[in-house]
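Welcome, and thanks for taking a look at this one with us. Have the sequence and the structure open as you read along.

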Amino acid sequence: MPRRILIIDDEDDIREVAALSLETVAGWDVIVASSGAQGLERAAEHQPDAILLDVMMPGMDGPTTFRELRKNPATAKIPVLLLTAKVQGPDQRRFADLGVEAILTKPFDPLTLASQMEKVLGWD
Amino acid sequence: MATNPPTMPPAMLEALGRLWTKFLPEIENRLALLEAAVRSLESGSLSGDERESAHQAAHKLAGVLGTFGLHRGTELARQAELVFAEERTASAGELSSWVSELRLLIDRRK
(Lines give C-alpha, C1' and ligand atoms only; values in the text may rest on other atoms or scores of the structure.)
Protein backbone atom coordinates (compact mmCIF):
# COMPACT_ATOMS: atom_id res chain seq x y z
CA MET A 1 0.00 0.00 0.00
CA PRO A 2 1.44 3.42 -0.87
CA ARG A 3 2.47 5.74 1.92
CA ARG A 4 0.10 8.56 2.71
CA ILE A 5 1.61 12.00 3.30
CA LEU A 6 -0.07 15.15 4.53
CA ILE A 7 1.43 18.43 3.29
CA ILE A 8 0.52 21.49 5.37
CA ASP A 9 1.63 24.71 3.67
CA ASP A 10 -0.12 28.00 3.02
CA GLU A 11 1.76 28.54 -0.25
CA ASP A 12 -0.09 27.01 -3.20
CA ASP A 13 3.03 26.69 -5.35
CA ILE A 14 5.03 24.81 -2.72
CA ARG A 15 2.08 22.56 -1.92
CA GLU A 16 1.49 21.64 -5.54
CA VAL A 17 5.15 21.05 -6.42
CA ALA A 18 5.68 18.93 -3.30
CA ALA A 19 2.53 16.93 -4.05
CA LEU A 20 3.60 16.42 -7.67
CA SER A 21 7.01 15.31 -6.50
CA LEU A 22 5.82 12.79 -3.90
CA GLU A 23 3.08 11.39 -6.13
CA THR A 24 5.20 11.14 -9.29
CA VAL A 25 8.57 10.10 -7.92
CA ALA A 26 7.52 7.93 -4.98
CA GLY A 27 3.96 6.99 -5.93
CA TRP A 28 2.69 8.11 -2.54
CA ASP A 29 -0.81 9.32 -1.80
CA VAL A 30 -0.81 12.99 -0.88
CA ILE A 31 -3.35 14.96 1.11
CA VAL A 32 -2.94 18.72 1.37
CA ALA A 33 -3.96 21.41 3.83
CA SER A 34 -3.46 25.15 3.40
CA SER A 35 -3.42 26.12 7.09
CA GLY A 36 -2.41 24.74 10.44
CA ALA A 37 -6.04 24.41 11.55
CA GLN A 38 -7.00 22.52 8.40
CA GLY A 39 -3.92 20.37 8.81
CA LEU A 40 -4.96 19.31 12.32
CA GLU A 41 -8.36 18.19 11.00
CA ARG A 42 -6.92 16.34 8.00
CA ALA A 43 -4.26 14.63 10.12
CA ALA A 44 -6.87 13.28 12.55
CA GLU A 45 -9.20 12.26 9.74
CA HIS A 46 -6.71 10.64 7.32
CA GLN A 47 -4.03 9.33 9.69
CA PRO A 48 -1.10 9.95 7.31
CA ASP A 49 2.18 8.05 7.63
CA ALA A 50 4.02 11.37 7.88
CA ILE A 51 3.36 15.10 7.79
CA LEU A 52 5.37 17.69 5.89
CA LEU A 53 4.76 20.92 7.78
CA ASP A 54 5.60 24.48 6.75
CA VAL A 55 6.95 26.78 9.46
CA MET A 56 5.83 30.29 8.51
CA MET A 57 2.07 30.31 8.02
CA PRO A 58 -0.46 33.01 8.91
CA GLY A 59 -2.69 32.19 11.86
CA MET A 60 -1.41 28.95 13.34
CA ASP A 61 2.26 28.67 12.42
CA GLY A 62 4.19 25.41 12.00
CA PRO A 63 5.57 25.09 15.55
CA THR A 64 2.11 25.75 17.04
CA THR A 65 0.53 23.24 14.65
CA PHE A 66 3.17 20.70 15.66
CA ARG A 67 2.44 21.18 19.36
CA GLU A 68 -1.31 20.79 18.71
CA LEU A 69 -0.67 17.59 16.74
CA ARG A 70 1.29 16.22 19.67
CA LYS A 71 -1.46 17.13 22.17
CA ASN A 72 -4.11 15.10 20.31
CA PRO A 73 -3.79 11.34 20.97
CA ALA A 74 -5.12 10.69 17.44
CA THR A 75 -2.17 12.51 15.85
CA ALA A 76 0.49 12.46 18.58
CA LYS A 77 2.57 9.69 17.04
CA ILE A 78 2.53 10.76 13.41
CA PRO A 79 6.08 11.69 12.34
CA VAL A 80 6.39 15.36 11.44
CA LEU A 81 9.04 16.88 9.16
CA LEU A 82 9.34 20.64 9.07
CA LEU A 83 9.77 22.21 5.66
CA THR A 84 11.24 25.68 5.94
CA ALA A 85 13.05 28.38 4.03
CA LYS A 86 14.51 29.59 7.34
CA VAL A 87 18.06 28.34 7.06
CA GLN A 88 19.85 30.46 9.66
CA GLY A 89 21.51 28.55 12.50
CA PRO A 90 19.41 29.99 15.37
CA ASP A 91 16.16 29.18 13.53
CA GLN A 92 17.31 25.63 12.81
CA ARG A 93 18.24 25.07 16.47
CA ARG A 94 14.88 26.45 17.63
CA PHE A 95 13.05 24.09 15.28
CA ALA A 96 15.18 21.11 16.27
CA ASP A 97 14.27 21.74 19.92
CA LEU A 98 10.61 21.20 19.09
CA GLY A 99 11.15 17.46 18.71
CA VAL A 100 10.23 17.03 15.05
CA GLU A 101 11.65 14.07 13.11
CA ALA A 102 13.65 16.26 10.76
CA ILE A 103 13.98 19.69 9.23
CA LEU A 104 13.98 19.86 5.45
CA THR A 105 14.88 23.10 3.75
CA LYS A 106 13.20 25.02 0.96
CA PRO A 107 13.90 25.13 -1.84
CA PHE A 108 13.72 21.36 -2.15
CA ASP A 109 14.63 19.27 -5.16
CA PRO A 110 11.40 17.76 -6.53
CA LEU A 111 13.36 14.77 -7.71
CA THR A 112 14.84 13.88 -4.33
CA LEU A 113 12.27 15.12 -1.80
CA ALA A 114 10.77 11.65 -1.38
CA SER A 115 14.14 9.97 -0.90
CA GLN A 116 15.12 12.62 1.66
CA MET A 117 11.95 11.83 3.56
CA GLU A 118 12.52 8.08 3.29
CA LYS A 119 16.01 8.49 4.67
CA VAL A 120 15.09 10.52 7.74
CA LEU A 121 12.02 8.39 8.45
CA GLY A 122 13.94 5.11 8.07
CA TRP A 123 11.73 4.00 5.22
CA ASP A 124 14.57 3.31 2.79
CA MET B 1 32.30 4.36 -8.55
CA ALA B 2 30.51 7.69 -8.75
CA THR B 3 26.80 7.54 -9.50
CA ASN B 4 25.19 9.94 -11.90
CA PRO B 5 22.69 12.37 -10.39
CA PRO B 6 19.09 11.33 -11.04
CA THR B 7 17.55 12.95 -14.10
CA MET B 8 14.11 14.44 -14.18
CA PRO B 9 11.58 12.25 -16.02
CA PRO B 10 10.11 14.16 -19.00
CA ALA B 11 6.56 13.90 -17.61
CA MET B 12 7.68 15.54 -14.40
CA LEU B 13 9.58 18.25 -16.25
CA GLU B 14 6.44 19.02 -18.19
CA ALA B 15 4.32 19.06 -15.05
CA LEU B 16 6.79 21.38 -13.33
CA GLY B 17 6.70 23.64 -16.39
CA ARG B 18 2.92 23.82 -16.12
CA LEU B 19 3.14 24.68 -12.42
CA TRP B 20 5.73 27.39 -13.18
CA THR B 21 3.33 28.95 -15.68
CA LYS B 22 0.43 28.61 -13.27
CA PHE B 23 2.25 30.27 -10.39
CA LEU B 24 4.23 32.84 -12.38
CA PRO B 25 1.69 35.63 -11.67
CA GLU B 26 2.05 35.02 -7.93
CA ILE B 27 5.84 34.95 -8.22
CA GLU B 28 5.72 38.22 -10.16
CA ASN B 29 3.46 39.77 -7.53
CA ARG B 30 6.03 38.93 -4.88
CA LEU B 31 8.78 40.38 -7.05
CA ALA B 32 6.73 43.56 -7.61
CA LEU B 33 6.41 43.95 -3.82
CA LEU B 34 10.17 43.71 -3.51
CA GLU B 35 10.72 46.23 -6.30
CA ALA B 36 8.29 48.68 -4.71
CA ALA B 37 9.99 48.29 -1.33
CA VAL B 38 13.41 48.95 -2.88
CA ARG B 39 12.05 52.13 -4.51
CA SER B 40 10.65 53.25 -1.15
CA LEU B 41 13.95 52.47 0.54
CA GLU B 42 15.83 54.51 -2.06
CA SER B 43 13.51 57.46 -1.51
CA GLY B 44 13.63 57.12 2.28
CA SER B 45 9.92 56.37 2.61
CA LEU B 46 9.88 52.65 3.43
CA SER B 47 7.19 52.03 6.06
CA GLY B 48 7.23 49.24 8.62
CA ASP B 49 4.34 47.49 6.88
CA GLU B 50 6.05 47.71 3.52
CA ARG B 51 9.26 46.33 4.99
CA GLU B 52 7.36 43.40 6.49
CA SER B 53 5.53 42.70 3.20
CA ALA B 54 8.85 42.75 1.38
CA HIS B 55 10.34 40.43 3.99
CA GLN B 56 7.49 37.94 3.50
CA ALA B 57 7.68 38.20 -0.29
CA ALA B 58 11.45 37.64 -0.30
CA HIS B 59 11.08 34.69 2.07
CA LYS B 60 8.53 33.05 -0.22
CA LEU B 61 10.61 33.68 -3.33
CA ALA B 62 13.67 32.22 -1.60
CA GLY B 63 11.66 29.11 -0.77
CA VAL B 64 10.18 28.49 -4.18
CA LEU B 65 12.56 29.68 -6.93
CA GLY B 66 15.16 26.97 -6.41
CA THR B 67 12.43 24.36 -6.48
CA PHE B 68 11.85 25.43 -10.08
CA GLY B 69 15.59 25.28 -10.76
CA LEU B 70 16.32 28.99 -10.22
CA HIS B 71 18.93 28.51 -7.51
CA ARG B 72 20.55 31.90 -8.08
CA GLY B 73 17.07 33.38 -7.61
CA THR B 74 16.84 31.72 -4.22
CA GLU B 75 20.25 33.15 -3.24
CA LEU B 76 19.26 36.68 -4.25
CA ALA B 77 15.86 36.50 -2.57
CA ARG B 78 17.46 35.15 0.59
CA GLN B 79 19.83 38.12 0.76
CA ALA B 80 16.91 40.49 0.31
CA GLU B 81 14.94 38.60 2.98
CA LEU B 82 17.74 39.06 5.51
CA VAL B 83 17.98 42.77 4.76
CA PHE B 84 14.22 43.36 5.08
CA ALA B 85 14.22 41.27 8.27
CA GLU B 86 17.04 43.55 9.49
CA GLU B 87 19.26 40.53 10.07
CA ARG B 88 21.96 41.91 7.78
CA THR B 89 22.75 45.28 6.26
CA ALA B 90 23.16 46.27 2.65
CA SER B 91 23.05 49.56 0.80
CA ALA B 92 19.92 50.47 -1.15
CA GLY B 93 22.05 50.19 -4.31
CA GLU B 94 23.13 46.66 -3.44
CA LEU B 95 19.58 45.62 -2.68
CA SER B 96 18.40 47.22 -5.89
CA SER B 97 20.97 45.29 -7.94
CA TRP B 98 19.88 41.97 -6.35
CA VAL B 99 16.25 42.65 -7.11
CA SER B 100 17.07 43.72 -10.68
CA GLU B 101 18.97 40.48 -11.20
CA LEU B 102 16.01 38.58 -9.77
CA ARG B 103 13.75 40.31 -12.30
CA LEU B 104 16.10 39.31 -15.15
CA LEU B 105 16.21 35.67 -14.02
CA ILE B 106 12.44 35.43 -13.78
CA ASP B 107 11.86 37.24 -17.07
CA ARG B 108 14.24 34.87 -18.82
CA ARG B 109 12.17 31.90 -17.68
CA LYS B 110 8.89 33.27 -19.05
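How many helices and strands does the secondary structure of chain A come to? There are five helices and five strands in chain A.

## The fold of chain A

This is a predicted model.

## Confidence

For the model, the scores are ipTM 0.90 and pTM 0.92. In chain B the average pLDDT is 93, and 95% of the residues score at least 70.

## Where the chains meet

Chain A brings 16 residues to the contact and chain B brings 17 residues. Sorted by class, the side of chain A that touches chain B holds nine nonpolar, two polar and five charged residues.

## A helix pair in chain B

Now turn to helix α1 (residues 10-43) of chain B and helix α4 (residues 92-108) of chain B, which pack at an angle of about 160° with their axes 10 Å apart. Because angles over 145 degrees count as roughly antiparallel, α1(B) is roughly antiparallel to α4(B). The crossing of α1(B) past α4(B) is left-handed.

Residues of α1(B) in this contact include B:Ile27, B:Leu31, B:Leu34 and B:Val38, while among those from α4(B) are B:Leu95, B:Val99, B:Leu102 and B:Ile106. By class, the contact of α1(B) with α4(B) has 10 nonpolar, one polar and four charged residues.

Note on methods:
Residues numbered from 1 in each chain as written. Chains lettered and ligands numbered in written order. Predicted model: local features only at pLDDT ≥ 70, side-chain atom pairs only at ≥ 80, totals over all residues. pLDDT = per-residue confidence, 0-100. Contact = placed C-beta atoms within 7 Å. Nonpolar A, V, L, I, M, F, W, Y, C, P; charged D, E, K, R; others polar. Axes fitted to C-alpha atoms, helices over the stretch in contact; angles between N-to-C directions. Helix = DSSP H or I, 4+ residues; strand = E, 2+ residues; numbered from the N terminus. Parallel < 35°, antiparallel > 145°, perpendicular 65-115°, else oblique. Left-handed = near helix turned anticlockwise from the far one by under 90°.
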